[in-house]
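Here is a short briefing on one protein chain. Look over the sequence and the structure first, then read the points below.

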Amino acid sequence: MSLFRYRRNELLRGLLIYAAGDTVAALLTCQFSLQRMVGMMAVGGFVYSLEIPSWFRYIARRWKGVPRALMAMLYFNPLWIARHLAFIALVSGDLDGIDWCLLTVSLKSFSVNLPFSFVANYLIQNKIPVDWRFFASAIFSALMAVYYSACGVIFG
């Protein structure tokens, strides 16, 4: 079984859940646009739905318990957050928003939510069956999209 392959249910979940979370965040920060929503649907459906489940399947085969949660945290690191914020800027047409400040914002937001994120990742990686981990992680990420969006305003 190949680690890197699209699965229809994961593609649809990524498309819908990541866009929903980002749309709520955009509405709360008065930054909603149809272009951004459609762009985040594409990112969630075609980028995240391939790479995140692949990583989860990989770590499920090699680690258990706390190490598995740490490996999930390794994936969702400040660089991932910065890339996510860069995707938002890109799909919003805000190319000037893609700069080195995204790394500072990402590092601060990652650090502040580290304890909460560790607990959530531990539960996702160790209590939820592997075929449902992307779904659970996407829901958690949708909730975190609101947090990251707020951090962009707070720490930006």
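Arg57 is a residue of helix α2. The model is predicted, and in it Arg57 counts as buried, because its relative accessibility is 6%, below the 20% cut-off for that class. Along the chain, Arg57 and Asp131 are 74 residues apart, yet their C-alpha atoms are separated by 8.4 Å.

**Overall fold**

- The chain contains 6 helices and 0 strands.
- Along the principal axes, the C-alpha atoms fill a box of roughly 40 × 30 × 25 Å.
- Take the contacts between residues at least 6 apart in sequence: 78% of these join residues at least 24 apart.

**Inside and surface**

- Of the 156 residues in the chain, 46% are buried.
- The chain exposes about 8100 Å², and 72% of this area is supplied by carbon and sulfur atoms.

**Nonpolar cores**

- The largest nonpolar core has 27 residues, and Tyr48, Ile52 and Trp80 are those with the most contacts inside it.
- The elements that each give two or more residues to this core are α1 (8-28), α2 (34-62), α3 (65-75), α4 (78-92), α5 (101-127) and α6 (130-154).
- Helix α4 gives the largest share of this core, with 8 residues.
- Which residues does Trp80 touch, leaving aside its neighbours within four places in sequence? Trp80 is in contact with Tyr48, Glu51, Ile52 and Tyr75.
- Another core, of 5 residues, lies apart from the largest one; Ala120, Ala136, Phe140 and Met144 are among its members.

- Ala26 is in helix α1.
- Ala26 counts as buried because its relative accessibility is 1%, which is under 20%.
- Once neighbours within four places in sequence are left aside, Ala26 is in contact with Gln31, Phe32 and Arg36.
- Ala26 and Met37 are 11 residues apart along the chain, and 8.8 Å separates their C-alpha atoms.
- Ala82 is in helix α4.
- With a relative accessibility of 8%, Ala82 also counts as buried.
- Leaving aside neighbours within four places in sequence, Ala82 is in contact with Leu102, Leu103 and Ser106.
- From Ala82 to Thr29 the distance is 18 Å, C-alpha to C-alpha, and the two are 53 residues apart in sequence.

**An exposed cysteine in a loop**

- Cys30 sits in the loop between α1 and α2.
- Is Cys30 buried or exposed? Cys30 counts as exposed, because its relative accessibility is 73%, and the cut-off for exposed is over 50%.
- The phi angle of Cys30 is near 55°, a positive value in a residue other than glycine.
- For comparison, most residues other than glycine have a negative phi.

Note on methods. Residues numbered from 1 in each chain as written. Predicted model: local features only at pLDDT ≥ 70, side-chain atom pairs only at ≥ 80, totals over all residues. Heavy atoms only, no water. Core = buried A, V, L, I, M, F, W, Y, C linked by side-chain atoms within 4.5 Å. Buried < 20%, exposed > 50% of the residue type's maximum accessible area, 1.4 Å probe, protein only. Helix = DSSP H or I, 4+ residues; strand = E, 2+ residues; numbered from the N terminus. Contact = heavy atoms within 4.5 Å. Areas by Shrake-Rupley, 256 points an atom, 1.4 Å probe, with all protein chains shown as cover.
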